Amino acid sequence: MGRISVQSSSPSPLADPLLLVLVGPGGTGKGTVARQLLERDEALWLSRSWTTRPPRPGEDPDSYVFVDRSGFEAHVERGGFLEWAEFLGHLYGTPVPTPPSGSDVLLEIELDGARQVVDVVPEARVILLSPPSEEVQATRLRGRGDAEDHVQRRIDKGRLELREGRELAHFEVVNDDLEQAVVEVLGIVEGLRQAKAARHTPPEER
Ligand code: ADP
Ligand code: 5GP
């Protein structure tokens, strides 16, 4: 895959968006935390992924662009994805991001995709959200309505994702208490913004 930059309508490096990548085993609460982040931080923009997975019963139809495999593959051919990966038999991909000017970009994706993002955008920052325990993760998956065979597959895959996620991620946040986890991630985002602003401030003005 060639080098792809995040498309921003602003020419100023100060307005270059942060690229934040939220990873973690299924059922940890990535989607829940991402929704909270968007509600509380107006400068965050969540990329909407494409997937060939069918919608879950009751799932928000806007949570993905749901497509069939040929539609997905045609978009790959067009170079329309920043990254894409196969996860438990379905394809998932992040379209090349087009955030509004001044917004930072949040991706909520699995690990192979996160690796591709870091390869093409080394400034991207990866936050691993981890479950307090496998038992809690299983309870959350069941509570969300995942089928039992799915729960087991996601727990098994989750072990690997935690191990590899710790190698890739720049930050780890345990999602035990939701409020605490959200506040922690917001703090990380704020710290990254301040670090970026400091890099763009001339030394005499610091
Ligand atoms: P993921 O996107 O990581 O697969 P979800 O966001 O779908 O996970 O969360 C899985 C389930 O766990 C959902 O039913 C959600 O409401 C619940 N959940 C998420 N975070 C917490 C938390 N901190 N405490 C209790 N339940 C949670
Ligand atoms: P789910 O089927 O539970 O919605 O998602 C399964 C996994 O795919 C999750 O780990 C989720 O973060 C990941 N995922 C969602 N969108 C994308 C994407 O655009 N690219 C990649 N690589 N993974 C994604």
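Ligand 1 has 13 residues around it, and G29, G31, T32, R140 and L178 come nearest. A residue counts as near if its C-beta atom, placed from the backbone, lies within 6 Å of the molecule. This is a predicted model: local features need pLDDT of at least 70, side-chain atom pairs count only at pLDDT 80 or more, and totals for chains, interfaces and linings use all residues. Residues are numbered from 1 along each chain as its sequence is written, while chains are lettered from A and ligands numbered from 1 in the order in which they are written.

Helices α1 (30-40) and α4 each supply at least two residues of the shell around ligand 1. Helices (H or I, at least four residues) and strands (E, at least two) are DSSP runs, numbered from the N terminus.

Ligand 2 has 15 residues around it. S49, Y92, I109, E110 and G113 come nearest. Here β5 (81-87), β6 (90-95) and α3 (111-120) each give at least two shell residues.

Ala, Val, Leu, Ile, Met, Phe, Trp, Tyr, Cys and Pro count as nonpolar; Asp, Glu, Lys and Arg as charged; the others, Gly among them, as polar.

| Shell | Nonpolar | Polar | Charged |
|---|---|---|---|
| Ligand 1 | one residue | nine residues | three residues |

In α4, E134, Q137, A138, L141 and R142 contact V151, R154, I155 and G158 of α5. Contact means C-beta atoms, placed from the backbone, within 7 Å. These contact residues comprise four nonpolar, two polar and three charged.

Note on methods: Contact = placed C-beta atoms within 7 Å.
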